[in-house]
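This report is meant for someone meeting the structure for the first time. Please look over the sequence and the model below before reading on.

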Amino acid sequence: MEDLRIRNADAADAETVLAFWETAAEGTSITDDVDGVTRLIDRDPAALILAETPDGRLVGSVIAGFDGWRCSLYRLAVLPAHRRQGVAKVLLEAAEERFAAVGGRRGDAMVLEVNERAQRAWAAAGYHREDHWRRWVKPYGTAGAASAGAAHGA
């Protein structure tokens with residue numbers, strides 16, 4: 001594995017992170033915009049953890065969010081050319097150190113059902129799937145939320 005610089009993102013990184021996710025992450029999120037990323041960083045400056053090469057190239061990310069109750073992991077992503085070199089392992093170690101420092105007890109990762117490669121990576125890192133839980137979502141303040149409510153008779 002190459003030498004990596006692990007650091008927390010700042011607001012100036014938002015556009016770079018979004019461009020990185022387009023290449024390295026699976027799927028998209030309703031919060032994939034500059035406002036969403038900067039709001040995350042403003043609320044919790046230690047949540048978005050980045051891995052960079054010595055020359056400053058972004059090669060990995062993970063969101064390690066802690067709300068005082070749960071440790072949540074999102075957007076573990078590594079550039080395809082840098083996969084299987086330990087980048088995800090180093091990012092998860094940084095996330096787990098963050099969680100230990102704030103008294104976190106368990107990390108929950110959001111993993112797309114169809115992303116088998118990610119499922120293998122999470123399993124290799126010691127995480128296991130919990131099939132007895134399902135995610136329930138409702139978008140707020142978007143045109144999609146209004147049309148979804150209308151479609152369900154709301």
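## The second largest pocket

In this predicted model, the second largest pocket holds about 160 Å³ of space.

## How helices H1 and H2 meet

Two packed helices are described by the angle between their axes and the distance between the axes. For helix H1, which covers residues 14-24, and helix H2, which covers residues 34-43, the axes come within 9 Å and cross at roughly 115°. The crossing of H1 and H2 is right-handed.

On the H1 side, the residues that take part in the contact are Ala 14, Glu 15, Leu 18 and Trp 21, and they meet Val 34, Val 37 and Thr 38 of H2. The residues of this contact between H1 and H2 divide into five nonpolar, one polar and one charged.

## Gly 86 in its loop

Gly 86 is found in the loop that lies between strand E4 (71-78) and helix H3 (87-101). Is Gly 86 buried, partly exposed or exposed? Its relative accessible area is 27%, and because that value falls between the cut-offs of 20% and 50%, Gly 86 counts as partly exposed.

Gly 86 can also be placed relative to Ser 29, from which it is 57 residues apart along the chain, with a separation of 25 Å between the C-alpha atoms of the two residues.

Methods. Residues numbered from 1 in each chain as written. Predicted model: local features only at pLDDT ≥ 70, side-chain atom pairs only at ≥ 80, totals over all residues. Heavy atoms only, no water. 1 Å grid on protein atoms, 1.4 Å probe; cavity = no way out; pocket = protein on both sides within 12 Å on 5 of 7 lines; lining within 4 Å. Points joined across faces, edges and corners; volume = space filled by probe spheres on them. Axes fitted to C-alpha atoms, helices over the stretch in contact; angles between N-to-C directions. Helix = DSSP H or I, 4+ residues; strand = E, 2+ residues; numbered from the N terminus. Left-handed = near helix turned anticlockwise from the far one by under 90°. Contact = heavy atoms within 4.5 Å. Nonpolar A, V, L, I, M, F, W, Y, C, P; charged D, E, K, R; others polar. Buried < 20%, exposed > 50% of the residue type's maximum accessible area, 1.4 Å probe, protein only.
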